[in-house]
Amino acid sequence: MLVTLIKSPSLIPWFSKTKQLKFCHLGMAKIAIISISFLSLILLALANGSNAGNITIYWGQNGNEGTLADACATRNYEFAILAFLPVFGKGQTPMLNLAGHCDPSANGCTGLTSDIDSCQANGIKVLLSLRGDVGSEPLGSSKEARQVATYLWNNYLGGNSSSRPLGPAVLDGIDFDIEGGSNKHWDDLARYLKGYSNQGKKVYLSAAPQCPFPDAWVGKALQTGLFDYVWVQFYNNPPCQYNGDDISNLEYAWKQWTSDIPADKIFLGLPASPEAAGSGFIAVDDLLSTVLPAIKGSPKYGGVMLWSRYYDDQSGYSSAIKNQV
């Protein structure tokens with residue numbers, strides 16, 4: 001509501017000068033109170049909005065989880081991670097593994113282009129996850145890291161190749177899910193990949209380290225400051241996960257990650273159902289009433305990552321939390 005102050009006493013002759021002053025002071029005081037209250041509401045809304053989180057989902061490791069397009073159509077997720085590209089480097093022919101969804105060896109995954117496009121049309125970022133396990137040492141040198149980065153750029157990101165495994169779709173970035181093998185040259189790979197952002201389309205980088213800090217495999221790479229998002233796996237790791245009645249271990253580890261890793265946003269990685277991991281599942285009520293309030297105060301809080309779409313589809317976990325993440 002706009003308040004007009006009448007300045008000319010001649011327009012209101014029955015007011016004494018004293019009454020006019022009282023009127024002005026009272027009016028201005030009311031306006032000041034309203035303004036402060038309104039400003040407080042705006043600041044509160046901005047504060048809440050700044051810590052509003054998103055949900056990340058891994059898709060691709062169960063043929064019964066539905067299509068990628070179906071997952072994105074739920075509008076529950078802000079990020080969809082294609083899992084996985086486990087074979088690359090060491091002179092190997094890179095090979096996708098998307099479980100029962102398609103056969104990459106027969107060029108059968110190119111049909112995913114339409115799914116990826118539909119996800120991106122809804123504002124969802126789609127990334128490809130590199131998988132590294134025990135015994136897997138795909139990067140033997142900085143030169144090899146550069147070769148892998150070039151392959152990823154040309155075949156999955158903004159480059160050009162006549163044999164793109166997912167068809168002409170252009171992914172938004174690369175995810176590092178490295179859980180074994182060597183801890184060398186992941187920082188080199190991150191630098192080379194991020195360098196392609198200079199060619200017109202930003203390449204997003206994310207990683208899914210284990211919650212013990214620092215991570216044994218990608219810890220050095222994460223210190224480069226090149227990663228946009230880090231979804232820390234707070235499961236299958238009892239020393240730093242929520243145990244059902246004590247949040248102290250999780251909270252301590254969370255503070256380490258958010259204070260020491262120079263990423264834009266840190267996510268709480270969780271299994272979407274008790275069956276999705278050996279340990280670390282957090283019931284919805286506990287997540288909303290105990291865990292999230294303890295970690296959302298960090299300006300680096302990004303939301304929750306869920307493993308995986310199959311289990312989330314079965315449990316409805318993301319639907320239960322999305323309005324309060």
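Trainee: Are Phe79 and Phe267 buried or exposed?

Mentor: Both Phe79 and Phe267 are buried. Keep in mind that this is a predicted model.

Trainee: How is a pair of rings described?

Mentor: Two values describe an aromatic pair: the distance of the centres and the angle of the planes. Take Phe79 and Phe267. Their ring centres are 5.9 Å apart and their planes stand at 85°, so this pair is edge-to-face. The pair also links distant parts of the chain. Phe79 belongs to strand β2 (residues 79–85), Phe267 to strand β7 (residues 265–271), and 188 residues separate them.

Trainee: How many aromatic pairs does the structure hold?

Mentor: It holds 20. One of the pairs is Tyr58 with Trp307, at 5.7 Å centre to centre. Their planes are 55° apart, and the pair is tilted.

Trainee: Which parts does the pair of Tyr58 and Trp307 tie together?

Mentor: Tyr58 sits in strand β1 (residues 54–59) and Trp307 in strand β8 (residues 301–307), so the pair ties together parts 249 residues apart in sequence. Tyr58 is buried, with a relative accessible area of 2%.

Trainee: What lies over the face of Tyr204, and what over that of Phe84?

Mentor: Lys125 lies over the face of Tyr204, 5.1 Å from the ring centre. For Phe84 the residue is Arg131, at 5.0 Å from the ring centre.

Terms used:
Residues numbered from 1 in each chain as written. Predicted model: local features only at pLDDT ≥ 70, side-chain atom pairs only at ≥ 80, totals over all residues. Heavy atoms only, no water. Phe/Tyr/Trp six-rings, centres within 6.5 Å; stacked < 30°, edge-to-face > 60°. Helix = DSSP H or I, 4+ residues; strand = E, 2+ residues; numbered from the N terminus. Buried < 20%, exposed > 50% of the residue type's maximum accessible area, 1.4 Å probe, protein only. Lys NZ or Arg CZ within 6 Å of the ring centre and 35° of its normal.
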